[in-house]
Amino acid sequence: MVTTRGVEGGVGRTALMVAAARAIEATRPDSLAHDGFARHFVRAARASGEWPVHWHDVPGGAANPLWGRLGRYFGLRTRVLDDFLLGAVRAGAGQVVLLGAGLDSRAFRLAWPAGCPVFELDRPDVLAFKQEVLDDLGATASAARTTVAVDLCEDWVRPLREAGFDPRVPTAWLAEGLLLYLPADAERRLITTVDRLAAPGSCLAYEVKLGVEYRTSAIYRSTKEQIGVDLTALFDAEPRPDSAAALRAGAWETSVRTPFDLAVEHGAGLVPERRDALASNRWVFAAKPPR
């Protein structure tokens, strides 16, 4: 039996939510990303066993605030960050670090260069659940995958380096759906640590939320009603640091995009709405210039 303790509640359960959204995205007629593993994670956990994993099973379709609108946001985010990572390794990044990897299956589903090291960092119980599901499927990674069981609010540098990470090599870093849940000081430490570890030529992408003004939005209300996840209670309520500015002060080049900008580029159909829960979301892309 698969051990599900790490994904049954709290932030761990949001990993199942994203997996369900990716499964649904893969079955949309206008799909932006295909994750063939996602539905298996959803079905393996008791908490999500009855959630939809196919577009045809989404009540209300695109009008469903959770699986229609927020799910599409996750599908777009998946596609954009897939492209970011693959573009980075093609441009010379020699390794990839996924901070808060959750139930992401990029090490298995993307076309990595032969032998590309991909390090997945997350809590031990989340990684254990993920590995059991993958083992049951007989999944084979397309990258040189290494999992690193850590708490990202504590010391994760030593375990990462012991796992084979080389700070001399340009690295593609990703913090997808992570910083929203971290205390402000933990976010500052994480960004400072990435800056310290990143060799020239490295790049970083991450997602931030400028605020949680629309706590009564249809997305948050629907998420709580449909799957029992209160996102507003999970988001850290402290004023958020300007991590993009901190990176620029360290000589990184940064670009800050809204999801709506990228929705236009990819034809995702996401447009701003009244009292929009997505309006304060930003995706940050940073590059540390080569010497």
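Predicted model: local features only at pLDDT ≥ 70, side-chain atom pairs only at ≥ 80, totals over all residues.
Select Asp195 to start. At 25% relative accessibility, Asp195 counts as partly exposed.

**Stop 1**

Asp195 sits in helix α7. How far apart in sequence are Asp195 and Trp252? They are 57 residues apart along the chain, yet their C-alpha atoms lie 8.7 Å apart in space. Show the side chains. The side chain of Asp195 makes a polar contact with the side chain of Trp252, at 2.8 Å. Next, display Gly250 and Lys288. Leaving aside neighbours within four places in sequence, Asp195 is in contact with Gly250, Trp252 and Lys288.

**Stop 2: Thr193**

Stay in helix α7, which covers residues 184-197, and pick Thr193. Is Thr193 buried or exposed? Thr193 is buried, with a relative accessible area of 12%. The cut-off for buried is under 20%, so a value of 12% qualifies. The side chain of Thr193 reaches the backbone oxygen of Arg189 at 2.7 Å. Then look for Trp156 and Val157. Thr193 touches both of these, not counting residues up to four places away in sequence.

**Stop 3: Glu120**

Jump to strand β2, residues 117-122, and select Glu120. Glu120 is buried, and its relative accessible area is 0%. Which side chain does the side chain of Glu120 meet in a polar contact? The partner is the side chain of Arg145, at 3.0 Å. Now widen the view around Glu120. Its contacts, leaving aside neighbours within four places in sequence, include Leu98, Ala101, Asp104 and Ala107. Among the others are Leu127, Lys130, Thr146, Thr147 and Val148.

**Stop 4: Phe41**

Go to helix α2, residues 38-44, and select Phe41. Phe41 is buried, with a relative accessible area of 1%. Colour what Phe41 touches: Leu16, Ala19, Ser48, Leu103, Phe129, Lys130, Val133 and Leu134, not counting residues up to four places away in sequence. For a distance check, pick Arg215. Phe41 and Arg215 are 174 residues apart in sequence and 28 Å apart in space, C-alpha to C-alpha.

**Stop 5: the nonpolar cores**

Here is some background. In soluble globular proteins, nonpolar side chains tend to be buried together.

Select Met17, Trp67, Leu70, Val96 and Trp112. Of the 71 residues in the largest nonpolar core, these touch the most other members. Which element gives the most to this core? It is α3, with 13 residues. Now select Trp67 and show what surrounds it. Not counting residues up to four places away in sequence, Trp67 touches Met17, Ala20, Ala21, Ile24, Trp51, Pro52, Trp55 and Val58, among others. Arg72, Gln226 and Ile227 are also on the list of residues touched by Trp67.

Another core lies apart from the largest one. It has 30 residues, among them Leu99, Ala198, Leu247 and Val284.

**Stop 6: the largest pocket**

Switch to a surface view. The largest pocket has a volume of about 700 Å³. Its lining counts 43 residues. Which of them lie nearest the centre of the pocket? Select Val11, Thr14, Gly177, Leu178 and Tyr181. Then colour by element. Those giving two or more residues to the lining are α1 (10-27), α3, β1 (95-99), β5 and α8 (218-227). The largest share, seven residues, comes from α1. By class, the pocket lining has 27 nonpolar, six polar and ten charged residues.

**Stop 7: the cavity**

How many cavities of 30 Å³ or more does the structure hold? There is one. About 40 Å³ of space lies in this largest cavity. To find it, select Arg77, Leu81, Leu174, Ala175, Glu176, Ala205, Tyr206, Glu207, Trp283 and Phe285, the residues that line it. The elements giving two or more residues to this lining are α3 (65-90), β4 (171-175), β5 (203-209) and β7 (281-287). Strand β5 provides the largest share, three residues. Last, colour the cavity lining by class: seven residues are nonpolar, none are polar and three are charged.

Key
Residues numbered from 1 in each chain as written. Heavy atoms only, no water. Helix = DSSP H or I, 4+ residues; strand = E, 2+ residues; numbered from the N terminus. Buried < 20%, exposed > 50% of the residue type's maximum accessible area, 1.4 Å probe, protein only. Polar contact = N/O pair within 3.5 Å; in protein donor to acceptor, adjacent residues only side chain to side chain. Contact = heavy atoms within 4.5 Å. 1 Å grid on protein atoms, 1.4 Å probe; cavity = no way out; pocket = protein on both sides within 12 Å on 5 of 7 lines; lining within 4 Å. Points joined across faces, edges and corners; volume = space filled by probe spheres on them. Nonpolar A, V, L, I, M, F, W, Y, C, P; charged D, E, K, R; others polar. Core = buried A, V, L, I, M, F, W, Y, C linked by side-chain atoms within 4.5 Å.
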